[in-house]
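Please have the sequence and the structure to hand while reading.

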Amino acid sequence: MRILIIEDNIDTRDLIKLSLESEGFLVEATSDGERGLYLAKASPFDLIILDLSLPRRNGISICKELRAIGDHVPI
């Protein structure tokens, strides 16, 4: 299972990432909304963990854009 974490708090992001990886999940993580949207569009993920307040692009706009292009990944 591939998981994308888009979270700008370094401690929170790293803790979630390490916890998921220790359970065998493949995890990519970023702190920037624009980069997160790019990653989400570039390759399929099974789950996205998405913060609402992010630099460069907020979580709501990321979610809306993914839904608008037909991506129904659980967020």
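Is Glu-34 buried, partly exposed or exposed? With a relative accessible area of 30%, Glu-34 is partly exposed, where buried means under 20% relative accessible area, exposed means over 50%, and partly exposed lies in between (1.4 Å probe, protein chains only).

## Basis of the values

The model is a predicted one, in which local features need pLDDT of at least 70 and side-chain atom pairs count only at pLDDT 80 or more, whereas totals for chains, interfaces and linings use all residues. Residues are numbered from 1 along each chain as its sequence is written, and side-chain values use heavy atoms, with hydrogens and water left out.

## Salt bridges between separate elements

A salt bridge is counted here when a side-chain nitrogen of Lys or Arg lies within 4 Å of a carboxyl oxygen of Asp or Glu, and by this rule the count comes to six. One of them joins the side chains of Glu-28 and Arg-2, with an N to O distance of 2.8 Å. Because Glu-28 lies in strand S2 (residues 26–30) and Arg-2 in strand S1 (residues 2–6), this pair ties together parts that are 26 residues apart in sequence; helices (H or I, at least four residues) and strands (E, at least two) are DSSP runs, numbered from the N terminus. Both partners are partly exposed, Glu-28 at 30% relative accessible area and Arg-2 at 23%.

Glu-34 forms a salt bridge with Arg-57, and the closest N and O atoms of this pair are 3.5 Å apart. Glu-34 belongs to helix H2 (residues 33–42), while Arg-57 is in the loop between strand S3 (47–50) and helix H3 (59–68), so the pair ties together parts that are 23 residues apart in sequence. These two residues also take part in a network of salt bridges that links Glu-34, Lys-41, Arg-57 and Glu-65.

Lys-17 and Glu-21 form a salt bridge in which the closest N and O atoms are 2.6 Å apart. Both residues lie in helix H1 (residues 10–22), four residues apart, which is about one turn of the helix. Lys-17 is partly exposed at a relative accessible area of 25%, and Glu-21 is likewise partly exposed, at 32%.

## Backbone at Arg-56

Arg-56 lies in the loop between S3 and H3, and its phi is near 75 degrees, a positive value in a residue other than glycine. Arg-56 is exposed, with a relative accessible area of 65%.
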